Amino acid sequence: VILKDNIKDSQRNYSQMEEKVASLEAQLGPIKEKLGVAEQAHTEASIKLAVAEAQKEEAAKQAEEWRAEIANVETSKAEAIKQAQMEISSEKERDLAELRED
């Protein structure tokens, strides 16, 4: 009789465990779906971040190129001004020399 009672208890426990497993599996489905959505969102955010970082690097590179170009233009401008000043000074000296000769 005790053995039969133990078997009945075991069967009851087994049935309860099966129900609990089925319940947990039912709860697991929506959680897996949410995980999939979260992983997809993470992937999309990672891609957007990578694109933004690439754009930032490209913008920084472009800005550096513009700075170098501006520096070159400034140098050329300074050289042109210096050359113009030298030419004006030379012309002035020639004009003064011509005036002295007259």
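Is D95 buried, partly exposed or exposed? Keep that in mind as you open the viewer. Note that this is a predicted model.

**Stop 1: the whole chain**

Show the protein chain as a cartoon. Turn the model and look along each principal axis. The C-alpha trace spans about 145 × 20 × 10 Å.

**Stop 2: the surface**

How much of the protein chain counts as buried? Of its 102 residues, 0% do. The accessible surface comes to about 9,600 Å². Carbon and sulfur atoms account for 58% of that area.

**Stop 3: the charges**

Colour the positive and negative side chains. The protein chain carries 15 positive and 23 negative charges. Their mean positions lie 12 Å apart.

**Stop 4: the negative patch**

Select E87, E91, D95, E98, E101 and D102. Together they gather in a patch of negative charge on the surface. Now zoom in on D95, one of this group. D95 sits in helix α1, which covers residues 2-101. Here is the reply to the opening question. D95 counts as partly exposed because its relative accessibility is 43%, and that class runs between the 20% limit for buried and the 50% limit for exposed.

**Stop 5: the salt bridges**

Side chains of opposite charge can pair when their charged atoms come close. How many salt bridges does a search of the whole structure find? It finds 2.

Select R12 and D9. These residues form a salt bridge, with their closest N and O atoms 2.9 Å apart. R12 and D9 are 3 residues apart in helix α1, so about one helical turn separates them. Check their surroundings too. R12 has 46% relative accessibility, so R12 counts as partly exposed. D9 has 34%, so D9 also counts as partly exposed.

Next, select R67 and E64. Their side chains meet in a salt bridge, at 3.3 Å from N to O. Where do R67 and E64 stand relative to each other in helix α1? They are 3 residues apart, and therefore separated by about one helical turn. E64 counts as partly exposed because its relative accessibility is 47%.

**Stop 6: a distance along the helix**

Select E18. E18 belongs to helix α1. At 42% relative accessibility, E18 counts as partly exposed. How far apart are E18 and K32 in space? The line comes to 21 Å, for a separation of 14 residues in sequence.

**Last look**

Methods
Residues are numbered from 1 along each chain as its sequence is written. This is a predicted model: local features need pLDDT of at least 70, side-chain atom pairs count only at pLDDT 80 or more; totals for chains, interfaces and linings use all residues. Side-chain values use heavy atoms; hydrogens and water are left out. Patches are made of residues with over 30% relative accessible area and no salt bridge: like charges are joined within 9 Å, nonpolar side chains (Val, Leu, Ile, Met, Phe, Trp, Tyr) within 5 Å. Accessible areas come from the Shrake-Rupley method with a 1.4 Å probe; for residues, only the protein chains shown count as cover. A salt bridge is a side-chain nitrogen of Lys or Arg within 4 Å of a carboxyl oxygen of Asp or Glu. Lys and Arg count as positive and Asp and Glu as negative; His and the chain ends are not counted. The place of a charge is taken as NZ of Lys, CZ of Arg, CG of Asp or CD of Glu. Helices (H or I, at least four residues) and strands (E, at least two) are DSSP runs, numbered from the N terminus. Buried means under 20% relative accessible area, exposed over 50%, partly exposed in between (1.4 Å probe, protein chains only).
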